[in-house]
Amino acid sequence: FLEMNTRLQVEHPVTELTTGHDLVQTQFRIAAGEPLGLRQEDVEWRGSAIECRIYAEDPDAGFLPSPGTVTHLGRPFGPGVRLDSGVYAGWTVPMEYDPLLAKLVVWARSRQDAIARMLRALDEYYVGGIKTNLAFFRQILDDGEFRTGRLHIGFIEEFFRRKAASGCPPGDVEAVAALVAVIHAGHSQSAAPVSSPSVSRWRNQGRERLLR
């Protein structure tokens, strides 16, 4: 084996939603000495699920981490929407660890319905005070190549090349989305000032620590 992970992967909610089996509960039962309560033929796939791993990172700067304090937080809810997260307004994303904020997962009867549901959930999701990849996911889900399932290991690099050729930088979309969210939330007076996309807080903090 090149790799053996004796744990649940972060994508396990997709399996749970499409099979109806609680993998975490099953893992605990096996660890407690109980036998596996299902056979392979008991596993049936139903519908389609999509997971977006919400990170405090800047997609326009090579996905560098974006540590800082979460000033405002608006989370999506509704049928077919699952959000695994422990983030709250006032929480500080540290520089030392993985900047994962949440796992946003949706389920629907078809892939196209799942895409539509995820777009709705992403539109309801707002994280203020730090950069995130929320706008990046909105663009990916709206992309024609993604919608038709033409995916490959170089998809992200190709996606950025197509965006650059179209003259619509991803950062513009994110800035507009953030501005609309702030105005809608009524925090236009108290919102933190928007930092320049060319400044990486992760890099700056790292440099400051090296100077100590």
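**Close-up 1. Lining of the second largest pocket.** The second largest pocket is lined by 13 residues, with L23, T26, L36, L38 and V43 nearest its centre. A pocket here is an open set of points on a 1 Å grid over the protein atoms alone, where a 1.4 Å probe fits, with protein on both sides within 12 Å along at least five of seven lines; lining residues have an atom within 4 Å of a point. The model is predicted: local features need pLDDT of at least 70, side-chain atom pairs count only at pLDDT 80 or more, and totals for chains, interfaces and linings use all residues. Residues are numbered from 1 along each chain as its sequence is written, and side-chain values use heavy atoms, without hydrogens and water. The pocket's volume is about 250 Å³.

**Close-up 2. Helices at the second largest pocket.** Helices α1 (12–19) and α2 (23–31) each supply at least two residues of this lining. Helix α2 gives the most, with four residues. Helices are DSSP runs (H or I, at least four residues), numbered from the N terminus.

**Close-up 3. Helix α4.** Helix α4 spans residues 134–142. The buried residues are L134, A135, F136, F137, R138, Q139, I140 and L141.

**Close-up 4. Q112 in helix α3.** Q112 sits in helix α3 (residues 111–124). S48 lies 64 residues away along the chain, yet the C-alpha atoms of Q112 and S48 are separated by 8.7 Å.

Key: Buried means under 20% relative accessible area, exposed over 50%, partly exposed in between (1.4 Å probe, protein chains only). Grid points are joined across faces, edges and corners, and a volume is the space filled by probe spheres set on the points.
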